[in-house]
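Have the viewer open beside you as you read.

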Amino acid sequence: MKGPAPSPLAAALAGGLLLVSTMGIGRFAYTPLLPRLRDTLGWTLAQAGDVASANFVGYLLGALLAGRLAGRPTRAGWLFLAMLLSVLSTLAGLLHWSYEGWLALRFVAGVASAVGMVIGLALVIDYVTRAGRPGLSSVAFPGVGVGIVLSVILIEIAKAGGASVAGQWAGLGICAGVCSAVALPILARLPNLVPSAVPALATASSTDSSGELRRLIAAYALLGFGYVVTATFIVAMARQQNSAPFIEVLCWLVVGATAAPSVPVGRWLAQRYGSMRVMRGAFCLEAIGVLLAGSSHSTGLLLLGGACLGATFLSITALGLTAARNAAGPAADAAMGWMTAAFGSGQLLGPFVAGRLAQWSGGFALPSALAAGLLLVGAVILPRHTTPAAGTA
């Protein structure tokens, strides 16, 4: 470890910058840029969905890989590589790629975002928990929402300056690089105290906690499908409504703005009412938002749907990962890998299925209804509570 260990707050803020770079920009910038990419490259809705799914194939494989790497002494080096690849794959949007080239590019970005998120958050959460400040993990998660808002602002500035969609990708890549450059020196000074990398599902202290973890993972997979249809296509939904151009920007900005504070709010609610009860309510609220965004012909309802999505998907993510870590005990990092892989499998299928259903039906009502239904199933199968495993702090 080089230099003195950072304060817990500095570590949490660095984790937030990590998520700004790898997730808010590296993963989610595709959504606001999708309409211009389609116009420039002549993609169909199905092709646009396939490029999104390529990102999620990478995300799924990256999550499985990260579950193994999280238990190794070299995990800090893998984090550096993931952040570098995330920045480079965003910068590479400067080039005029073919459809096949974009499939490969978004695949690499998916691997990088999953490895960066799982290992980076594992380092940060372990550190702030050992420092007796577990609540500071809520400072890191809003980085996704901040990254979404920041990407929208940068894209609009680039548009106003006459930049092409390739130039917009390059600007986002530079921003991601700056965030990574600030975060990495802090993350590199975190103690690399590696826990046992025993498979998560085999380490629960009781049959009850093992079954609860499996139900949580299954619900998390349904969340992946349920949120991603709107998260990928909400700007395209606004365009299909023939909304004013600023609505396309505003709807994604609303998602990011409501996502940023959702994690501390969700944590506060969970302390009062219990994590599973809050997650179940959030699944239901998100289902309503997904249905509103995809099925209505009203700009106001589209924006409301985006707000429901933003207010829930990050808070569910944070509460779900925390619950999984508690249930998995000594294999907490591996549990994060399993959860992220489940989430990745759901979001892998989402754009692939939704793009084809939208193209076949001529709109997003059908895929949105399917996504909302799966979110409601997720709410039903969530465990009533999670039992802490032996060795859980």
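## Contacts and overall make-up

Two residues are in contact when they have heavy atoms within 4.5 Å. By that rule, 86% of the contacts between residues at least 6 apart in sequence join residues at least 24 apart. This is a predicted model, in which local features need pLDDT of at least 70 and side-chain atom pairs count only at pLDDT 80 or more, while totals for chains, interfaces and linings use all residues. Residues are numbered from 1 along each chain as its sequence is written, and side-chain values use heavy atoms, with hydrogens and water left out.

The protein has 15 helices and zero strands; these are DSSP runs numbered from the N terminus, with helices (H or I) of at least four residues and strands (E) of at least two. Of the 393 residues, 57% are buried, meaning under 20% relative accessible area with a 1.4 Å probe, protein chains only. The accessible surface (Shrake-Rupley method, 1.4 Å probe) comes to about 14,300 Å², and 69% of that belongs to carbon and sulfur atoms.

## The nonpolar core and Leu-187

A nonpolar core is a set of buried Ala, Val, Leu, Ile, Met, Phe, Trp, Tyr and Cys residues joined through side-chain atoms within 4.5 Å. The largest one here has 124 residues, and Leu-187 and Trp-43 are among those with the most contacts inside it. Helix H9 gives the most to this core, with 17 residues.

Leu-187 sits in helix H8, which covers residues 165-187. Is Leu-187 buried or exposed? Leu-187 is buried, with a relative accessible area of 3%. Beyond its neighbours within four places in sequence, Leu-187 touches Ala-11, Ala-14, Gly-15, Leu-18, Leu-79, Met-83 and Val-124. Take Leu-18: the pair is 169 residues apart in sequence, yet 9.2 Å apart in space, C-alpha to C-alpha.

## The largest cavity

On a 1 Å grid over the protein atoms alone, a cavity is a set of points where a 1.4 Å probe fits but cannot get out, and its lining residues have an atom within 4 Å of a point. Volume is the space filled by probe spheres set on the points, which are joined across faces, edges and corners. The structure holds two cavities of 30 Å³ or more, and the largest has a volume of about 150 Å³.

Its lining has 16 residues, with Met-23, Tyr-59, Met-117, Thr-317 and Phe-343 nearest the centre. Helix H13 supplies the largest share, three residues. By class, the lining has 13 nonpolar, two polar and one charged residues; Ala, Val, Leu, Ile, Met, Phe, Trp, Tyr, Cys and Pro count as nonpolar, Asp, Glu, Lys and Arg as charged, and the others, Gly among them, as polar.

Terms used
1 Å grid on protein atoms, 1.4 Å probe; cavity = no way out; pocket = protein on both sides within 12 Å on 5 of 7 lines; lining within 4 Å. Buried < 20%, exposed > 50% of the residue type's maximum accessible area, 1.4 Å probe, protein only.
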